[in-house]
Amino acid sequence: VSLAAPAGSGSAALAAASARARVRLRRRWRAAILGYLYLAPAAALTAVFVYWPLIASAILSFYDWNLVSADRLAVGWQNYRDLLHSRAFRLSLVNTGEAAVALTALTVVAPLFLAVLVLKVAPRWRNVYRVILFSPTVISMAIACAIWLWMFHPLYGVLNTALRLVGVQGPAWLSSSDWAIWSIVLVTVWKTFGFNFVVYTAGLLAIPAELYQAARVDGASDGQLFRYITVPLLAPTTLFVLLTTFILGPQNLFIPTQILTQGGPNEASNNVGYLVYQLGFEYFRVGYASAAATLIFLVFLALTAVQFLLAERRIHYGG
Amino acid sequence: MAISRRWVHALLVIACLVVVFPMLWMISTALKSPNEIFAGTFRLWPAHATLQNFGAAMTQVPMLRLFGNSLVVALAVTAAQAVSSTLAAYACAILRPPGRHVCFALFVATMMVPFQVTMIPNYLLIARLELLNTYTGLIVPQVVTGYGIFMLRQTFKNLPGSLVEAGILDGANSWQVLWRIVVPATRTALAALSVLFFINTWNQYLWPLLVSSDKLMKTLPVGMQEFVSLEGGTNWGPLMAAASMAVVPALLAYVVAQRYVLESFVSAGLKE
């Protein structure tokens with residue numbers, strides 16, 4: 001705040017001006033403190049349950065501790081070294097990557113196809129279809145997994161029963177090292193494709209209808225409309241969906257893994273998120289688990305940074 | 001047109017059937033007798049529909065208690081999330097103290113922190129405070145919501161500035177402006193968001209799994225898993241009956257508020 005008074009004015013005027021400035025400053029401070037009071041509950045919760053745990057996890061990762069004993073042993077980088085040499089961690093990383101690619105492919109193609117179809121019907125019906133197609137997304141992942149656990153049952157499950165009807169011997173699904181991870185991906189796709197479906201519906205609705213009308217007047221076919229108008233104008237939405245699904249999608253694997261396979265058979269369906277749970281809450285190796293959690297967070301941070309960079313570019317080029 | 005409307009409907013009906021089939025199969029199994037469940041036949045409507053699985057579900061686990069726990073936790077978390085995110089969003093959008101941008105960014109960034117990364121320290125904290133198997137331990141850590149603050153800040157920013165100014169000219173303080181002007185003017189958005197909070201918390205599995213091991217303190221999605229691999233194998237009938245009951249509140253909230261829920265998801269998805 002500038003207290004400079006005009007030259008030649010009396011000291012009384014100067015004092016009055018400075019008093020006014022002080023009042024203004026005090027009022028601004030009071031307003032700011034008031035603002036912080038409103039922020040306080042959310043800020044306190046966020047600090048205690050999100051940011052402190054991030055730091056605590058990094059600290060724990062340098063200790064060897066079994067969750068119950070009184071003393072923790074400082075082990076330096078040993079947990080990280082062990083982790084990088086462990087078969088389970090490497091396998092889970094590979095599985096997570098594979099599952100992320102599969103999840104991304106499936107939850108981009110199917111939702112786009114459904115969104116295009118849904119927008120072809122009258123609004124009245126459109127809404128009915130939308131509500132039904134989105135319904136798996138609002139039920140609990142844990143309940144969804146209970147249902148699929150039953151459907152995957154090798155003898156009495158509906159999948160293998162149906163396959164038997166057409167003369168095919170179905171796989172053992174969850175206990176087969178070839179099928180377990182894809183079974184988990186299947187459940188995750190079923191449970192989460194609704195998000196991308198709704199995002200695509202909105203993206204499609206944002207494309208001006210005149211473009212289609214003009215192209216149709218010029219004699220374009222449905223295929224051409226899709227190829228030359230829908231796909232390019234939907235590119236920003238697709239980029240958003242691809243990136244968020246690839247980065248956030250693997251987190252959705254946690255519950256299916258916990259309920260359906262516990263990472264088995266022989267780590268075949270494990271992923272990094274479940275590995276942290278397993279190490280911490282089943283093997284009680286808290287430091288080791290925290291090292292894995294910290295590594296995951298760093299990888300995740302890097303991926304998110306890439307996402308932001310790509311999104312930035314998109315804004316420049318997408319206009 | 002190359003694709004006739006009839007074909008579009010046909011494809012959509014097939015898609016809908018595929019998508020809802022697991023839920024139909026859940027209900028179908030819940031209504032079947034044990035013999036029929038293990039008959040290995042493909043029958044959507046049971047030959048002899050029975051409610052015995054529902055009865056078994058109610059007696060084999062403390063179903064009503066689990067239901068009550070889920071309801072208490074979901075309602076408390078929803079209310080706390082609504083209030084804390086309203087206050088924070090009000091500060092960020094209207095009071096605007098210095099440093100709010102950093103604060104807001106830190107709130108929104110919580111959406112990007114994977115649960116697996118924070119769960120061990122959070123569990124240790126709740127354990128050290130001796131809050132395992134308590135409602136407090138179940139509820140408080142779940143109240144954090146970057147999403148709610150993000151959505152409400154946007155909503156509050158879209159309010160006409162004259163509305164707030166009129167309140168200030170009338171001599172209302174910030175608290176009165178919030179509850180008499182801002183909240184009533186945005187009640188639809190607040191209600192929609194609360195429905196989302198409720199569905200989300202009702203469905204929550206991992207945090208309750210970690211902090212409630214006591215049979216009587218579990219929430220529904222966690223307690224239900226007890227039917228899985230009980231001695232003598234999984235009790236599929238009662239499991240499906242429990243699942244059928246457990247999905248009702250979330251689906252009901254969704255159907256009642258579906259337009260708002262879908263719209264909220266859209267705006268969340270298209271945040272940039």
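Mentor: In this predicted model, helix α8 (residues 146-157) of chain B and helix α11 (residues 187-203) of chain B have axes that come within 11 Å and cross at roughly 170 degrees. Helices here are DSSP runs (H or I, at least four residues; strands are E, at least two), numbered from the N terminus.

Trainee: What makes the relation of α8(B) to α11(B) parallel or antiparallel?

Mentor: Axes are lines fitted to C-alpha atoms, for helices over the stretch in contact, with angles from 0 to 180 degrees between N-to-C directions. Under 35 degrees counts as roughly parallel, over 145 as roughly antiparallel, 65 to 115 as roughly perpendicular and the rest as oblique. The crossing is roughly 170 degrees, and therefore α8(B) is roughly antiparallel to α11(B).

Trainee: Which residues make the contact?

Mentor: From α8(B) come B:Tyr147, B:Gly148, B:Met151, B:Leu152 and B:Thr155, which meet B:Ala189, B:Leu190, B:Leu193, B:Leu196 and B:Phe197 of α11(B), contact meaning heavy atoms within 4.5 Å. By class, this contact has 8 nonpolar, 2 polar and no charged residues, where Ala, Val, Leu, Ile, Met, Phe, Trp, Tyr, Cys and Pro are nonpolar, Asp, Glu, Lys and Arg charged, and the others, Gly among them, polar.

Trainee: How are residues and chains labelled, and which values count?

Mentor: Residues are numbered from 1 along each chain as its sequence is written, while chains are lettered from A and ligands numbered from 1 in written order. Local features need pLDDT of at least 70 and side-chain atom pairs 80 or more, totals for chains, interfaces and linings use all residues, and side-chain values use heavy atoms, without hydrogens and water.

Trainee: How do you know how confident the predictor is about chain B?

Mentor: By pLDDT, its confidence in each residue from 0 to 100: the mean for chain B is 89, and 94% of its residues reach 70 or more. The model scores ipTM 0.89 and pTM 0.88.

Trainee: Which residues lie nearest the centre of the largest pocket?

Mentor: They are A:Val116, A:Leu119, A:Lys120, A:Tyr212 and A:Arg216, out of 22 lining residues. A pocket is an open set of points on a 1 Å grid over the protein atoms alone, where a 1.4 Å probe fits, with protein on both sides within 12 Å along at least five of seven lines, and lining residues have an atom within 4 Å of a point. The lining divides into 15 nonpolar, 3 polar and 4 charged residues, and its largest share, 5 residues, comes from α9(A).
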